Amino acid sequence: MIKPDEVFRIGRLGKVHGIGGELTFNFSDDIFDRTDADFLFVEIDGIVVPFFIEEYRFRSDDLAIIKFEGIDTAEEARLLVNSSVFFPRIQPTGDEEMSLSQLSGYQVIDAGSHRCVGVVTAVDTSTANTLLEVETPDGSHRLIPLAQELIADIDPQQQQIMLHIPEGLLEL
């Protein structure tokens, strides 16, 4: 069985498209296209299940029409509507570029104090400044900018991001 820390969420299946088993796929990360993925994981009843991609085509920057192998009717596709879609968490080696969505679940460590600020729950790329949505140990949520000049280190093995967090930012 696939463990939650082995995958990261890249989107959600939307409505049925046509009668041949296609679905709309609202995605926040196009890693499935950039890495030429053969399959995606779909959450069904709390379990992530692999589905092989038969074909897909883009409708916009964040919407695709997707067809999975074995899902051949609108009725079969309807069972997947509103399901979360996940991609395997790949540990980058050398020159591979890490997807921002892969940072979900990483611990944020303040480079100055070396204390854990919290855990990344999402990455917001909807504005010019990429923001980490971080849940702190006390359960509150903070937005922390993810600017290149603030990153001290990203350790995929430890699943940690070490950031130079500007003074006073966490008190906002």
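Analyst: Partly exposed, as used here, lies between two cut-offs: buried is under 20% relative accessible area and exposed is over 50%. By that scale glutamate 54, at 44% relative accessibility, is partly exposed. The model is predicted.

Start with the partner of glutamate 54. Its side chain meets that of lysine 67 in a salt bridge, at 3.4 Å from N to O. The two sit in distant parts of the chain, 13 residues apart: lysine 67 in strand β5 (residues 63–68) and glutamate 54 in strand β4. Lysine 67 is buried, at a relative accessible area of 6%.

Glutamate 22 forms a salt bridge with arginine 57, and their closest N and O atoms are 2.8 Å apart. Glutamate 22 belongs to strand β2 (residues 22–27) and arginine 57 to strand β4 (residues 47–60), so this contact ties together parts 35 residues apart in sequence. Arginine 57 is partly exposed, with 34% relative accessibility.

Now arginine 34. Arginine 34 pairs with aspartate 29 in a salt bridge, the closest N and O atoms being 2.7 Å apart. Aspartate 29 is buried at 5% relative accessibility, while arginine 34 is partly exposed at 44%. Salt bridges with shared partners join Asp29, Asp30 and Arg34 into one network.

Conventions. Residues numbered from 1 in each chain as written. Predicted model: local features only at pLDDT ≥ 70, side-chain atom pairs only at ≥ 80, totals over all residues. Heavy atoms only, no water. Salt bridge = Lys/Arg side-chain N within 4 Å of Asp/Glu carboxyl O. Helix = DSSP H or I, 4+ residues; strand = E, 2+ residues; numbered from the N terminus. Buried < 20%, exposed > 50% of the residue type's maximum accessible area, 1.4 Å probe, protein only.
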